[in-house]
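Here is a short tour of one structure, written to be read with the model open beside you. Let's begin with a pair of helices and then move on to the core.

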Amino acid sequence: MSEPAIDLHSDAHFMGQALRLARRAYAAGEVPVGAVLVRAGRIIARAWNQVELLKDATAHAEMLALTQAEASVGDWRLTDCTLYVTKEPCPMCAGAIVHTRLERVVFGAADPKSGAAGSLLNLLQFPPLNHRCLVTGGVQAVECGELLRRFFAERRARPRGPAAPDPAPAGDPSQDPEG
Ligand SMILES: [Zn+2]
């Protein structure tokens, strides 16, 4: 009869929250990936990729969200939690997810090159390991993937990135752009 209410517990709702965080990463010049961790229908951790800011290759959104969630729960076990992340987790994050005994992982865009939730390999459901997660992929995959595509297209189009060498000859103060 009436209009269906917005389901605040739905996968699409929480992926929308993760997407907002991915956009913050994008605005900060980071690979745009966002993650939220949900327990009992409530978000207990929010993070976005901060590899460049922290100069830390392990500062993926999932890793930061897991650490926050462990602090919130007061335990390294996240057995009754669900992680929502805009991109399929890499092998590092998938390994950490298995270590925390996370119940369920929901991701947006698949990552054929390095995805460890079924694309390149499936560490989240690898029988020899002592824990396996429920996995749902492809939630708002178009929006999640489009943000990543735009980021990498813009980065390729840029003449030089922050890691490129300074063209000014060393030791020549007249070439100092700050001077
Ligand atoms: Zn990762």
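In which hand does α3 pass α4, left-handed or right-handed? In this predicted model, the crossing of α3 past α4 is left-handed. Helix α3 spans residues 61-73 and helix α4 spans residues 91-99; their axes lie 9 Å apart at an angle of about 20°. Angles under 35 degrees count as roughly parallel, and α3 and α4 are therefore roughly parallel to each other. On the α3 side, Glu62, Met63 and Leu66 make the contact, and they meet Cys93, Ala96 and Ile97 of α4. Sorted by class, this contact has five nonpolar residues, one charged and no polar ones.

The largest nonpolar core has 46 residues, and Ala18, Ala22, Ala35, Val36, Ala65, Leu83 and Tyr84 have the most contacts inside it. Among the elements giving two or more residues to this core are α1 (11-27), β1 (34-39) and α5 (141-157). The most come from α1, which gives eight residues.

| Residue | In contact with |
|---|---|
| Ala22 | Pro32, Val33, Gly34, Trp48, Thr86, Cys144 and Leu147 |
| Ile43 | Gln17, Val36, Leu37 and Val38 |

Ile43 is found in strand β2. With 16 other C-beta atoms within 10 Å, Ile43 is partly exposed. Between Ile43 and Thr82 there are 9.4 Å in space, C-alpha to C-alpha, although the two are 39 residues apart in sequence.

Technical notes
Residues numbered from 1 in each chain as written. Predicted model: local features only at pLDDT ≥ 70, side-chain atom pairs only at ≥ 80, totals over all residues. Axes fitted to C-alpha atoms, helices over the stretch in contact; angles between N-to-C directions. Helix = DSSP H or I, 4+ residues; strand = E, 2+ residues; numbered from the N terminus. Parallel < 35°, antiparallel > 145°, perpendicular 65-115°, else oblique. Left-handed = near helix turned anticlockwise from the far one by under 90°. Contact = placed C-beta atoms within 7 Å. Nonpolar A, V, L, I, M, F, W, Y, C, P; charged D, E, K, R; others polar. Core = buried A, V, L, I, M, F, W, Y, C linked by C-beta atoms within 7 Å. Buried ≥ 20, exposed ≤ 12 C-beta atoms within 10 Å, placed from the backbone. Lists of a residue's contacts leave out its neighbours within four places in sequence.
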